[in-house]
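This briefing covers one protein chain. The sequence and the model are shown first.

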Amino acid sequence: MAQMKYFYELTISSSPHAHSPVTTRTIMRDVLIALVPALLGSIYFFGFRALMVTLVSAAACVFFEWLYCQLLKKPCKTYDLSACVTGVLLAFVCPVTIPYWTIILGDAFAILLVKMLFGGLGKNIVNPALAGRAFMFSWPVLMSNWVKVGFENAAGIVSTADAVTAATPLASLHQGVMCSESIGALFLGNVGGCVGETSALLLLIGFAYLLIRKVISARIPVTYILTVAILTFLFPRGNDRIAWMAAQVFGGGLMLGAIFMATDYVTSPVTKLGQIVYGIGCGVLTVMIRYFGGYNEGVSYAILCMNVCTVLLDKIGRPVKFGAPKKEAAKQ
């Protein structure tokens, strides 16, 4: 009997060959879960309009990504939940009174111009949610209309005409005056501010979840927050250094930015030393903008500035090839 030969084509990708249950979808799902405490807190502090703004923003981001893929006949990957995360984060850095049409325009800018036109997930050079927020400051009055916490002062789901406005703690700090709210109120979130940034406690709960799930490391957030804390302690604008430092750390978007924005995989460095320098840079720029800029908050723009430095920072602390000559190692 003639011997039969079988030929099989085997395609092997480059090493390392590792199997892991971690996917983009599971990572984004964990980020959304980590944001749930802050979302529930925003509903408690600002009413159900906070939930509606978040849902509208998330749905709009998913729609614009789907629309882009349909128009250009590209594979649609909205199932990876990255667009949903962008929408939630963009809603979290806006006041609860933001008109729906404004945040939808911000979603379109974030997804179409910042994410998809650069090639989609993994190829954008800056954080889409923060870029969308920067674009939305084309309407500065709408982006600076803060409401007083409490259901009795909450903005309506459709109309915000009856909402009771109030200044944020950073508005006072920017003028060199200690805010009237207690440190406890700042930590718990019982103050005016953006939808998802007011409660440091709830954001830290989400931070703990991300650390447990090993979605992010503590390197960037801790370095970022410590830098702001040290600088504001060393250079206070009030009589009480500790109170001034605590107000700067808890009274704004620092926690939200450091935990959920600065740690974005795509726009942050991958080397350990690069991440430390990145966190320090974010902290220094945040304090500089808060102290000397014309805008109360500096977190968003500090992170955007450091995003564009990521390519250079990735060269810091890059491991040397094993067995490479000293001259080649020096070039790295």
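The structure is a predicted model. The protein has 15 helices and zero strands. Of its 332 residues, 48% are buried. Among contacts between residues at least 6 apart in sequence, 73% join residues at least 24 apart.

**Nonpolar cores**

- The largest nonpolar core holds 75 residues. Phe-92, Ile-103, Leu-210, Tyr-224, Phe-260, Tyr-278 and Ile-303 have the most contacts inside this core.
- Helix α1, residues 24–46, gives the largest share of this core, with nine residues.
- Leaving aside residues up to four places away in sequence, Phe-92 touches Leu-35, Ala-38, Leu-39, Thr-54, Cys-194, Val-195, Gly-196, Glu-197 and Leu-256.

**Helix α11**

- Helix α11 spans residues 254–261. The helix is mostly covered, as eight of its eight residues are buried.
- The buried residues of α11 are Leu-254, Met-255, Leu-256, Gly-257, Ala-258, Ile-259, Phe-260 and Met-261.
- One of these, Phe-260, is among the residues with the most contacts inside the largest core. Another, Leu-256, is touched by Phe-92.

**Thr-286**

- Thr-286 is part of helix α12, which covers residues 272–292.
- Thr-286 counts as buried because its relative accessibility is 0%.
- A polar atom of the Thr-286 side chain lies 2.7 Å from the backbone oxygen of Cys-282.
- With residues up to four places away in sequence not counted, Thr-286 touches Tyr-224, Val-228, Gly-298, Val-299 and Ala-302. Tyr-224 is also listed among the residues with the most contacts inside the largest core.

**Salt bridges**

- A search of the whole structure finds four salt bridges.
- Asp-30 and Arg-213 meet through their side chains in a salt bridge, with N to O at 3.1 Å. Asp-30 is in helix α1 and Arg-213 is in the loop between α8 (200–212) and α9 (219–234), so the bridge ties together parts 183 residues apart in sequence.
- Asp-30 is buried, with a relative accessible area of 4%, whereas Arg-213 is partly exposed, with 42%.
- Arg-29 joins Asp-30 and Arg-213 in a network of salt bridges.
- Glu-65 and Lys-115 form a salt bridge in which the closest N and O atoms are 2.8 Å apart. Glu-65 belongs to helix α2 (residues 49–71) and Lys-115 to helix α4 (residues 100–116), so this pair ties together parts 50 residues apart in sequence. Both Glu-65 and Lys-115 are buried.
- Arg-290 forms a salt bridge with Glu-297, and their closest N and O atoms are 2.8 Å apart. Arg-290 is buried, with a relative accessible area of 3%. Glu-297 is also buried, with a relative accessible area of 7%.

**Cavities**

- Two cavities of 30 Å³ or more are found in a search of the whole structure. The largest cavity contains about 70 Å³ of space.
- The lining of the largest cavity is made up of Val-93, Leu-130, Arg-133, Glu-197, Gly-253, Leu-256, Gly-257, Met-261, Glu-297, Val-299 and Ser-300.
- At least two lining residues each come from α5 (128–136), α11 (254–261) and α13 (299–307). The largest share, three residues, comes from α11.
- Glu-197 and Leu-256 are both touched by Phe-92, Val-299 is touched by Thr-286, and Glu-297 is the salt-bridge partner of Arg-290.

**Largest pocket**

- The largest pocket contains about 420 Å³ of space.
- The pocket is lined by 24 residues. Nearest its centre lie Met-28, Val-85, Leu-121, Asp-264 and Tyr-265.
- Two or more lining residues come from each of α1, α3 (82–92), α5 and α11.

Conventions. Residues numbered from 1 in each chain as written. Predicted model: local features only at pLDDT ≥ 70, side-chain atom pairs only at ≥ 80, totals over all residues. Heavy atoms only, no water. Core = buried A, V, L, I, M, F, W, Y, C linked by side-chain atoms within 4.5 Å. Buried < 20%, exposed > 50% of the residue type's maximum accessible area, 1.4 Å probe, protein only. Helix = DSSP H or I, 4+ residues; strand = E, 2+ residues; numbered from the N terminus. Contact = heavy atoms within 4.5 Å. Polar contact = N/O pair within 3.5 Å; in protein donor to acceptor, adjacent residues only side chain to side chain. 1 Å grid on protein atoms, 1.4 Å probe; cavity = no way out; pocket = protein on both sides within 12 Å on 5 of 7 lines; lining within 4 Å. Points joined across faces, edges and corners; volume = space filled by probe spheres on them.
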